[in-house]
Amino acid sequence: MIRNLTLSAATALALVAGPVAAESEAHVEDFDFSFEGPFGSYDQNQLQRGLKIYTEICAACHGLELVAFRNLSDEGGPGLPDDQMRAYAEFYEVFDQSLFDGEGDFRPATPADKFPAGLDSTIPDLSLMAKARAGFHGPYGTGLNQLFKGMGGAEYIASLMVGYVDEPECALEMDPPMDGYYNTAFAAGGYPETCLDDHGHHTVPGSWISMPPPLWGEDVEFDDGHSNDLHHESEDIAAFLMWTAEPKLVARKQAGLTGVIFLSVLSVLLYLTNKKIWAPHKNKRKDS
């Protein structure tokens with residue numbers, strides 16, 4: 001059953017309020033995802049767990065409008081068998097304008113259909129969220145080289161899920177108190193002047209966010225018996241959203257590696273060919 005959650009417009013906008021304002025003003029944890037690095041790939045079991053979290057929790061409010069149900073069976077993705085993918089698609093209803101002489105009506109989804117949109121237009125679609133957010137800033141953000149680790153969108157999402165904490169002591173005496181929830185990974189929200197230093201910098205990481213905690217830990221039971229504490233659930237949903245944002249990640253890496261190998265071999269062959277052609281003439285003196 002999909003959890004029934006209600007989000008206000010402000011809550012829905014919290015996730016897409018913008019990238020982290022400054023690296024020093026937010027805490028983004030370095031999660032060890034299997035798809036990181038030039039040779040990384042998605043963990044199929046993790047993607048299936050992330051799909052279950054999305055289905056039971058996130059899908060109540062957020063859509064995946066750019067992802068077709070048939071993609072759930074693609075190689076390198078969750079890898080659902082065809083019959084399970086079709087049964088999963090039928091769990092959703094989509095609006096078909098061609099029914100009832102153009103008046104339209106809802107029908108069970110098919111593999112060719114895409115995930116439905118969110119509850120309303122103020123709620124962000126999650127299809128590309130992992131690429132829209134940046135967890136690491138600069139070429140060596142939080143000690144990681146973006147050349148190998150990427151922008152850290154998945155890390156940002158996972159850190160946001162585990163970043164809900166009690167408000168800092170510097171804000172306890174605010175009158176009136178700040179609305180929302182304090183999150184150490186979100187730096188684009190409200191922030192009290194009592195928590196700023198003499199130069200206007202944040203003295204504690206994070207800020208207030210209007211979105212309530214989506215995950216609490218032990219929200220779902222995984223079929224593979226994997227741990228369902230908050231930290232692991234956050235990793236799983238972040239990995240799944242990374243896949244929805246870049247489903248061809250593994251194929252792209254394989255194509256890049258193939259290209260590098262091909263160009264390396266071609267360079268060696270060109271060097272040897274050039275040497276063979278010009279070697280007899282290299283030291284030959286010109287006729288006087």
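Colleague: Which residues are linked with Asp-224 in a network of salt bridges?

Modeller: This is a predicted model, in which local features need pLDDT of at least 70 and side-chain atom pairs count only at pLDDT 80 or more, whereas totals for chains, interfaces and linings use all residues. Residues are numbered from 1 along each chain as its sequence is written, and side-chain values use heavy atoms, with hydrogens and water left out. A salt bridge is a side-chain nitrogen of Lys or Arg within 4 Å of a carboxyl oxygen of Asp or Glu. The residues networked with Asp-224 are Arg-49 and Asp-236.

Colleague: How many residues apart are Arg-49 and Asp-236?

Modeller: The side chains of Arg-49 and Asp-236 meet in a salt bridge with an N to O distance of 3.0 Å. Helices (H or I, at least four residues) and strands (E, at least two) are DSSP runs, numbered from the N terminus. The pair links distant parts of the chain, with Arg-49 in helix α2 (residues 44–56) and Asp-236 in helix α7 (residues 230–245), and the separation is 187 residues.

Colleague: Are Arg-49 and Asp-236 buried or exposed?

Modeller: The criterion is relative accessible area with a 1.4 Å probe and protein chains only: buried means under 20%, exposed over 50%, and partly exposed in between. By that criterion, both Arg-49 and Asp-236 are buried.

Colleague: Lys-52 also forms a salt bridge, with Asp-223. Why does Asp-223 count as exposed?

Modeller: The side chains of Lys-52 and Asp-223 meet at 3.4 Å, N to O. This pair joins helix α2 to the loop between β4 (207–209) and α7, across 171 residues. Lys-52 counts as partly exposed because its relative accessibility is 21%. Asp-223 counts as exposed because its relative accessibility is 75%.

Colleague: What separates Arg-86 and Asp-82 along helix α3?

Modeller: These two side chains meet in a salt bridge of 2.9 Å, N to O. Arg-86 is partly exposed at 41% relative accessible area, and Asp-82 is partly exposed at 42%. Because they lie 4 residues apart in helix α3 (residues 82–90), the separation is about one helical turn.

Colleague: How many salt bridges does the rule give?

Modeller: The pairs discussed above include Arg-49 with Asp-236 and Lys-52 with Asp-223. By this rule the count comes to 7.

Colleague: Why is helix α6 described as largely enclosed?

Modeller: Among the buried residues of α6 are Glu-155, Tyr-156, Ile-157 and Leu-160. The buried residues of α6 pack against α4 (129–132), β3 (181–183), β4 and α7, where contact means heavy atoms within 4.5 Å. Helix α6 (residues 153–162) is largely enclosed by the rest of the structure because the number of its residues that are buried is 9 of the 10.

Colleague: Which residues form the nonpolar patch on the surface?

Modeller: Patches are made of residues with over 30% relative accessible area and no salt bridge, joining like charges within 9 Å and nonpolar side chains (Val, Leu, Ile, Met, Phe, Trp, Tyr) within 5 Å. Val-265, which is found in helix α8 (residues 249–282), counts as partly exposed because its relative accessibility is 46%. The patch has about 520 Å² of accessible area together, and its members are Phe-39, Leu-257, Ile-261, Val-265 and Leu-269.

Colleague: What pattern does the protein chain follow along the sequence?

Modeller: The secondary structure comes to 8 helices and 4 strands. Read along the sequence, the pattern is α-α-α-β-β-α-α-α-β-β-α-α.

How values were computed
Areas by Shrake-Rupley, 256 points an atom, 1.4 Å probe, with all protein chains shown as cover.
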